[in-house]
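Thanks, everyone. I would like to walk through one model this morning, so please bring it up on your screens and follow along as I go.

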Amino acid sequence: MKKIGYAVLGLGIGMAHCEGAALSEHADLVAVCDLDRERLAKAHALYPETTLYEDFEELLRDDRVDIISICLPSAMHADFAVRAMRAGKHVLVEKPIDITPERAALIEAARLETGMTCGIVHQNRFNFNMTAIKQAVEEGKLGRILLGTFAVKWYREQKYYDRGGWRGTWEMDGGGSLMNQAVHTVDLMQWLMGEVESVTSTMNIYNHNIKTEDMTASLITFKNGATATFVSTTCAYPGISTEIDLYGTEGSIEADADLLKTWKMKDDEDEEEEEEMLAKYGRGNRYAAEQNPGVLYGHRHVVEDIILAVRDGRDPEVMPADAIRAVRIVDAVYRSARAGGEKILLG
Ligand SMILES: NC(=O)c1ccc[n+]([C@@H]2O[C@H](COP(=O)([O-])OP(=O)(O)OC[C@H]3O[C@@H](n4cnc5c(N)ncnc54)[C@H](O)[C@@H]3O)[C@@H](O)[C@H]2O)c1
């Protein structure tokens, strides 16, 4: 079977997409594109067979290219993803899908109009612990989920924001700690807890010279009656944790990023299940991957998923409609915070 031709646009995190495509048995990394010649040279050193482009239009004219990973600054995603799909290319778009629900909707409209395959990078859904947590939620192990507490306590130095000129700006980053770093956890929150009904939020710029925010705090209600708190920051030196905690009528689960921390179920009195789950999922992706050879996580997983989706004519695991939900929540948080904590209904 002919291998899928893969290209990557934007060579920051795009290098992880290059690695995923280059390591895939089903694809060839045929081209990369960036305006930055140093980054092109670095890609060339690693992948000497790959064609280098500075001009996106030229990349679009390359007939060997079936899929393009869109890894540009966040506010450029819709523009370039739409152009790619209209030129007959399938796309994998980095998170956030774009920086407003309206721009994100342009991607979904182009997907429907062109019939091309379009996936979005929310790779944390495929952390090993997350698959177990999602299954527990879906099987009703926790009973009715009453409360979630989510806290993304990360750290970024000022020089992180100074690099590239787009981070920490409303125009290109669309926000700060929430839109850029914590959008993954916003995605997990709505994926695990259901549709959000309202948000009441505050935000601030505490410790960086940026235009957006480096701290948000929100009270979130869900249509199913549950409640959550959500905190995001890039001020928690030196980067502490990503807390994902769920409390239901029948049990509690707590995780820190890809580590399962707590598995307490009312029906597990002898704690046998807890012991087993912590042994299996309590040591992170790397350990779990060693135990399950061939199972991928992170960017390897999402790149392989879009390759197989295109090859097999199926949908990718995370579609634009899934990713738009996270951006709608982030947008509501910012609107609430700007309005002094007014409760915003998501409708
Ligand atoms: N999924 C994740 O875990 C993850 C991690 C990091 C970044 N991201 C997302 O990936 C995107 C890119 O982030 P980054 O950190 O790699 O940014 P970056 O600034 O390091 O890289 C962006 C690249 O795009 C290139 N570029 C800009 N305009 C271009 C154009 N018109 N044509 C060709 N190249 C162009 C720049 O030269 C730069 O090399 C952002 O949306 C970010 O939120 C996701």
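Sorted by class, the shell around the ligand consists of ten nonpolar, six polar and five charged residues. Please keep in mind that this is a predicted model. In total, 21 residues surround the ligand, and the closest of them are G10, G12, I13, E94 and G164.

Let me turn to the sheet. It is an open sheet of six strands, which follow one another in the order β3-β2-β1-β4-β5-β6 with parallel pairing. Because β3, residues 51-53, and β6, residues 118-120, stand at the edges and each have a single partner strand, one side of each is left without a neighbour in the sheet. From one strand to the next, the twist averages 20 degrees. As for the partner of β6, strand β5, residues 90-93, pairs with β6 in the parallel sense over three bridges, and V91 has C118 in β6 as its bridge partner.

Now to the helices. Helix α12 lies across β1, β2, β4, β5 and β6, and runs at about 160 degrees to β5. Helix α12, residues 298-312, also packs with helix α1, residues 14-23, at an angle of about 60 degrees and with the axes 8 Å apart. The two helices, α1 and α12, are therefore oblique to each other, and α1 passes α12 in a right-handed crossing. Which residues make that contact? From α1 they are A16, H17, G20, A21 and L23, and from α12 they are H299, R300, V303 and E304. By class, this contact of α1 with α12 comprises four nonpolar, three polar and two charged residues.

Notes:
Residues numbered from 1 in each chain as written. Predicted model: local features only at pLDDT ≥ 70, side-chain atom pairs only at ≥ 80, totals over all residues. Near = placed C-beta within 6 Å. Nonpolar A, V, L, I, M, F, W, Y, C, P; charged D, E, K, R; others polar. Axes fitted to C-alpha atoms, helices over the stretch in contact; angles between N-to-C directions. Helix = DSSP H or I, 4+ residues; strand = E, 2+ residues; numbered from the N terminus. Parallel < 35°, antiparallel > 145°, perpendicular 65-115°, else oblique. Left-handed = near helix turned anticlockwise from the far one by under 90°. Contact = placed C-beta atoms within 7 Å. Pairing = 2+ DSSP bridges.
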